[in-house]
Amino acid sequence: MNTQTRTSKQITGLYLDVRKDFPIFHHNPQLVYLDSAATTQKPQVIIDAETNFLESRYATVHRSFYDLALQATEMYEATREAVRKFMNAASSQEIIFTPSVTEALNLVAWIENQRIDEGDEIILCTSEHHSNILPWQRIAEKTGATLMWLELDESQEFPLEDLRNKISSRTKVVTAAHISHVLGFISPLQEIIQVAHSVGAHVVVDAAQSTSRLPLNVASLNADFVVCSGHKTYGPFGTAWLYGKYEHLEHASPLIVGGGTIQHVTRGSVEWNTVPLRFEAGTPNVSGVIALKETLTYLEHLTWASIINHEKYLVDYALRTLSSIPELRMFGPASSRNRSSIFSFNLTVQGHHIHSHDISSILNDHNIAIRGGHHCSLPLMQALHVTELARASCGIYSTSSDIDRLANALRATAELFS
Amino acid sequence: MDLYREQILEHYRHPLNWGLVQRADIERHGYNPLCGDEVTIQLQINNGMITEVRFEGKGCAVSVAAASLLSEMIQKKSIATIQRLGVVDINLMLGLNLPPARISCGLLALKTVQAALPS
């Protein structure tokens, strides 16, 4: 690439121009939506896909033999195949749909429980989300295993050195968020997997924040488990999936049991269904999963190159713009090199800390949506010696003018409290 | 919805009855785990009535302002009266309707006082 001249895209940051695809902005033209890490807005095509199914193709799956039901089942399974391709998994049997990443993580912990004994170790970072802490805490309690915590250093990047120090022959599981939902750092997955596999430990990747931001090639990563979010990836609420290597799933029993999970049941016995249906109890979010296929198609049309360039542009722009506010302290890596468009910060005005709930409320008056609080990460708050933080996070529809409006509103907030 | 009108900010910057003393009839700590607001309240009681209130707290503007306004409001009130106060009274006291997400901030001081007093 010619580094002398910059393309107009690089100047304006318009690698992506998709706001028009999202009806929320027609209905709320003043809205500056900076809470994409909590959930993402929906493109019209995804809303249409779900509505279309509900209006003209509605039926349940895997149960009945009339045309509508057979077609619905085909469409549901077509999403499974689309997800397989999206992740470059070897087989669609390795894709399990769950209602959420939280439930997928509970399932993985349940599956791994089988191979964890007293004295074994589970490694996780202090920056993890409660959904990627509590299931392991419970497993450790039940089995007598120990949780080993990776500590952050001043760089506030993924603590790879600490992982190298703490990995041992007793480590059974290493779990890590691909992108931190508070600090925004991008974890070096290849190195993490290499370190873990060197002692025979399994790696569980929490890709809730990265499903929408970075491609995940499970074949080249040789990942054991990856959990992905639908609703944080411009897809419907109640859609998520677990990728697991077939050999890890083959002999595992499901966490949630009931209809759909079995081949045979008698009063005293059960024979589990095949993989992956064994792990999909009950009637699933059929319309959501079917719309999810359109979500993946929509992202593929945008291309990963554009999505990644758009992210990089916004990260650079935001770090520069927000660092010009003297009252603002930014958390996470200082450089855009290995961070995503998730920005947690606090404001201190004349020595006085401004609570993120106050910041959120005042920004709401400016039509700006951010998040404030402990972000389901109390161990991280404790490690950072804070109680709560404000967080702004971008999506594919976010622009540099969103960042400008955020900065102006933050300056106004500081003004209000001085 | 003008939550941050001057009154709230003024009480946040210069809260009334701020600062704990050596001895008090009753002292109680209150905490909102969800957001980290906390408050410590000291009360002097005479003949079933609050005669003095002191407090210190750390938290959002709404929680501190509510504690400040409350510390004035409950003086010379009976324990029975205070135990009957609720969110409606806090809204009247603040001069606005707390949005659902901020109710726990506005109520923290009141709940702490009510927990400290005999029922």
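Colleague: Quick one: which residue does Asp358(A) form a salt bridge with?

Modeller: Arg102(B), with the closest N and O atoms 3.0 Å apart. A salt bridge here is a side-chain nitrogen of Lys or Arg within 4 Å of a carboxyl oxygen of Asp or Glu. Bear in mind this is a predicted model: local features need pLDDT of at least 70, side-chain atom pairs count only at pLDDT 80 or more, and totals for chains, interfaces and linings use all residues. Residues are numbered from 1 along each chain as its sequence is written, chains are lettered from A in the order in which they are written, and side-chain values use heavy atoms, with hydrogens and water left out.

Colleague: How many salt bridges does the count between chain A and chain B give?

Modeller: One.

Colleague: And which element gives the most to the chain A side?

Modeller: α13(A), with five residues; helices are DSSP runs of H or I, at least four residues, numbered from the N terminus. By class, that side of chain A has three nonpolar, eight polar and three charged residues.

Colleague: How many residues are in contact?

Modeller: 14 of chain A with 18 of chain B, contact meaning heavy atoms within 4.5 Å.

Colleague: What lines the largest one?

Modeller: Among others, Arg213(A), Tyr234(A), His310(A), Glu311(A) and Cys394(A).

Note on methods
Helix = DSSP H or I, 4+ residues; strand = E, 2+ residues; numbered from the N terminus. Nonpolar A, V, L, I, M, F, W, Y, C, P; charged D, E, K, R; others polar. 1 Å grid on protein atoms, 1.4 Å probe; cavity = no way out; pocket = protein on both sides within 12 Å on 5 of 7 lines; lining within 4 Å.
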